[in-house]
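Trainee: I've got a model open and I'd like to learn how to read it. Could you walk me through it?

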Amino acid sequence: MSGPGRRPPGGPVCVLVGAPGSGKTTVGQTLAELLGVEFRDTDLDIERLAGKPIPDIFIDEGEAHFRTLERAAVAAALASCAGVLALGGGAVLAEENRAALVGHPVVHLSVELADAVKRVGLGAGRPLLAINPRATLKHLMEQRRPLYAEVATATAVTDGRTPEEIAAEIAALLKR
Ligand SMILES: Nc1ncnc2c1ncn2[C@@H]1O[C@H](COP(=O)(O)OP(=O)(O)OP(=O)(O)O)[C@@H](O)[C@H]1O
Ligand SMILES: O=C(O)C1=C[C@@H](O)[C@@H](O)[C@H](O)C1
Ligand SMILES: [Mg+2]
């Protein structure tokens, strides 16, 4: 893993991006504990503001509305989080979000299809994976791989590794 990049004053110490099941929420929580900083997750921010779970937002208002909420959540979190920030798996799809990430230390949690499929199972709580999770995840990962690479200043491989090992690697890197 190469260096994570410079952190703008007041911004997150680390932003995590990656495919569904890459471990952004799990590794992010562990990393925040290790560093003694706040953990923030734009998916949770969106659910709190909307007052309902993400699958219900997809059902009631549709994906386009969710992406609008997500762009606002990413901008707000980048402006106010000084800890570890996990983004939703599809946040990098928006050019606006990719532009907002420039200058931040962004770590891509990489995962191959086999481990990702095992981790998300039948996609419970993940509306995009509700039907045919393996094929959908394969397509999403192929489509998004260049976008994660575009925004990332460092990559941490997660396949076959525990969240604790991954968080420790990122923490060491951030101290450099
Ligand atoms: N390195 C790992 N090894 C094994 N299991 C893991 C690892 N990282 C995460 N998991 C498990 O995989 C599942 C998905 O992890 P998590 O919810 O953190 O992914 P995510 O990247 O936040 O996904 P999403 O994009 O849907 O929010 C959880 O059950 C978690 O316990
Ligand atoms: O991969 C995606 O597009 C998504 C991932 C989750 O984190 C949530 O943001 C939502 O379920 C959409
Ligand atoms: Mg998550």
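**Reading the ligand site**

Mentor: Let's begin with G89, found in the loop between β3 and α5 (95-100). Helices (H or I, at least four residues) and strands (E, at least two) are DSSP runs, numbered from the N terminus. This is a predicted model: local features need pLDDT of at least 70, side-chain atom pairs count only at pLDDT 80 or more, and totals for chains, interfaces and linings use all residues. Residues are numbered from 1 along each chain as its sequence is written, while chains are lettered from A and ligands numbered from 1 in the order in which they are written.

Trainee: Is G89 buried or exposed?

Mentor: Buried means 20 or more other C-beta atoms within 10 Å of the residue's own, exposed means 12 or fewer, and partly exposed is in between; C-beta atoms are placed from the backbone. G89 is buried because 25 other C-beta atoms lie within 10 Å.

Trainee: And what is G89 in contact with?

Mentor: Contact means C-beta atoms, placed from the backbone, within 7 Å. Leaving aside neighbours within four places in sequence, G89 is in contact with G18, A19 and P20.

Trainee: How many residues surround ligand 1?

Mentor: A residue counts as near a molecule if its C-beta atom, placed from the backbone, lies within 6 Å of it. Here 18 residues surround ligand 1, and the closest are G23, T25, T26, G89 and R119. The biggest share comes from α1, with 3 residues.

Trainee: What is the shell like by class?

Mentor: Ala, Val, Leu, Ile, Met, Phe, Trp, Tyr, Cys and Pro count as nonpolar, Asp, Glu, Lys and Arg as charged, and the others, Gly among them, as polar. The shell around ligand 1 has 3 nonpolar, 10 polar and 5 charged residues.

Trainee: Where does UniProt place a "binding site"?

Mentor: Its positions are given in the numbering used here, feature names are shortened, and annotations may be inferred rather than shown by experiment. An unreviewed UniProt entry places the feature at D43, R67, G89 and R144. R144 sits in helix α7 (residues 133-151) and, setting aside neighbours within four places in sequence, contacts A19 and V92. R144 counts as buried because it has 20 C-beta neighbours inside 10 Å.

Trainee: What about G23, where does it lie?

Mentor: G23 is in the loop between β1 and α1. G23 counts as buried, because it has 26 C-beta neighbours inside 10 Å. Beyond four places in sequence, its contacts are L109, T158, P163 and I166.

Notes: Contact = placed C-beta atoms within 7 Å.
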